[in-house]
Amino acid sequence: MRCPNCGNLQDRVIDSRVSRDGRSIRRRRECVSCRWRFTTYERIEGLVPIIVKRDGRRVPYDRNKIFNGLLLACKKRGIDYETLEKITEKIESEILSLGVKEISTDIIGEKVMEELKKLDDVAYVRFASVYRKFKDASQFVEEIRSLYETPEKTEKKR
Ligand SMILES: [Zn+2]
């Protein structure tokens with residue numbers, strides 16, 4: 001987005017909310033150059049899905065949860081904010097393009113893991129260990145081992 005204040009094209013999203021009818025997203029943005037804050041609205045094709053948690057509870061979609069999950073996994077890994085922002089954007093557009101009414105947190109978690117696997121091994125294992133709640137050490141080792149397989153193998157659909 002072009003900054004209305006200085007014309008710079010780079011900004012970061014500082015807050016993001018889905019409208020009540022689930023058809024638009026309001027974003028607060030901050031220009032990375034002059035720090036001017038502005039708001040954009042995006043219309044969504046299709047619906048923003050409701051998130052179904054593991055215990056069956058349904059909660060509104062929240063982009064910040066994806067971002068915060070990434071941020072936590074990448075703590076002290078020297079990965080910049082913009083990279084995480086781009087990954088969040090990518091995962092979000094994948095979710096929205098599904099055009100489904102509901103989506104499980106498991107599917108979102110898998111998408112996050114896919115991206116982290118490409119980004120940083122440590123961040124990936126951190127996220128996966130919390131997310132999948134590995135039952136035992138061998139499962140954990142198996143996951144680490146899979147990081148070193150050929151890309152063709154690790155990119156197979158689970
Ligand atoms: Zn600006």
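Arg26 touches Asp15, Ser16, Arg17, Thr39, Thr40 and Tyr41 when residues up to four places away in sequence are not counted; a contact here means heavy atoms within 4.5 Å. The model is a predicted one, in which local features need pLDDT of at least 70 and side-chain atom pairs count only at pLDDT 80 or more, whereas totals for chains, interfaces and linings use all residues. Residues are numbered from 1 along each chain as its sequence is written, and side-chain values use heavy atoms, with hydrogens and water left out.

Arg26 belongs to strand 2; helices (H or I, at least four residues) and strands (E, at least two) are DSSP runs, numbered from the N terminus. With a relative accessible area of 31%, Arg26 is partly exposed. On this scale, buried means under 20% relative accessible area, exposed means over 50%, and partly exposed lies in between, for a 1.4 Å probe and protein chains only. Between Arg26 and Asp15, 11 residues apart in sequence, the C-alpha to C-alpha distance is 8.2 Å.

The protein chain as a whole contains 6 helices and 6 strands, arranged along the sequence in the pattern β-β-β-β-β-α-α-β-α-α-α-α. Of its 158 residues, 35% are buried. Among contacts in the protein chain with a separation of 6 or more, 48% are between residues 24 or more positions apart.

A zinc ion is coordinated at 2.3 Å by the SG atoms of Cys3, Cys6, Cys31 and Cys34. Donors are N, O and S atoms within 2.8 Å of the metal (3.2 Å for Na, K and Ca), and sites may look incomplete because water is not among the atoms. The angles among the 4 donor atoms of the zinc ion run from 106 to 114 degrees, and the site is tetrahedral, a label given to four donors if all angles lie between 85 and 135 degrees. The donor residues follow the spacing C-x2-C-x24-C-x2-C in sequence. Distant parts of the chain are linked by Cys3, in the segment before strand 1 (11-18), and Cys34, in the loop between strand 2 (24-31) and strand 3 (37-43), the two being 31 residues apart. Cys3 is buried, with a relative accessible area of 4%, whereas Cys34 is partly exposed, at 30%.

Two packed helices are described by the angle between their axes and the distance between the axes. The axes of helix 1 (residues 63-73) and helix 4 (residues 121-132) come within 8 Å and cross at roughly 120 degrees. Axes are lines fitted to C-alpha atoms, for helices over the stretch in contact, and angles run from 0 to 180 degrees between N-to-C directions. Helix 1 is therefore oblique to helix 4; angles under 35 degrees count as roughly parallel, over 145 as roughly antiparallel, 65 to 115 as roughly perpendicular and the rest as oblique. Gly69, Leu72 and Ala73 of helix 1 make the contact with Ala123, Arg126 and Phe127 of helix 4.

Met113, in helix 3 (residues 105-119), is buried, with a relative accessible area of 0%. Leaving aside neighbours within four places in sequence, Met113 is in contact with Tyr124, Phe127, Ala128, Tyr131 and Arg132. The C-alpha atoms of Met113 and Arg126 are separated by 9.8 Å.

Glu85 lies in helix 2 (residues 81-97) and is buried, with a relative accessible area of 9%. Residues up to four places away in sequence not being counted, Glu85 touches Val13, Arg63 and Phe67.

Key: Four donors count as tetrahedral if all angles lie between 85 and 135 degrees; four count as square planar and six as octahedral if opposite donors are over 155 degrees apart and all others between 65 and 115; anything else is irregular.
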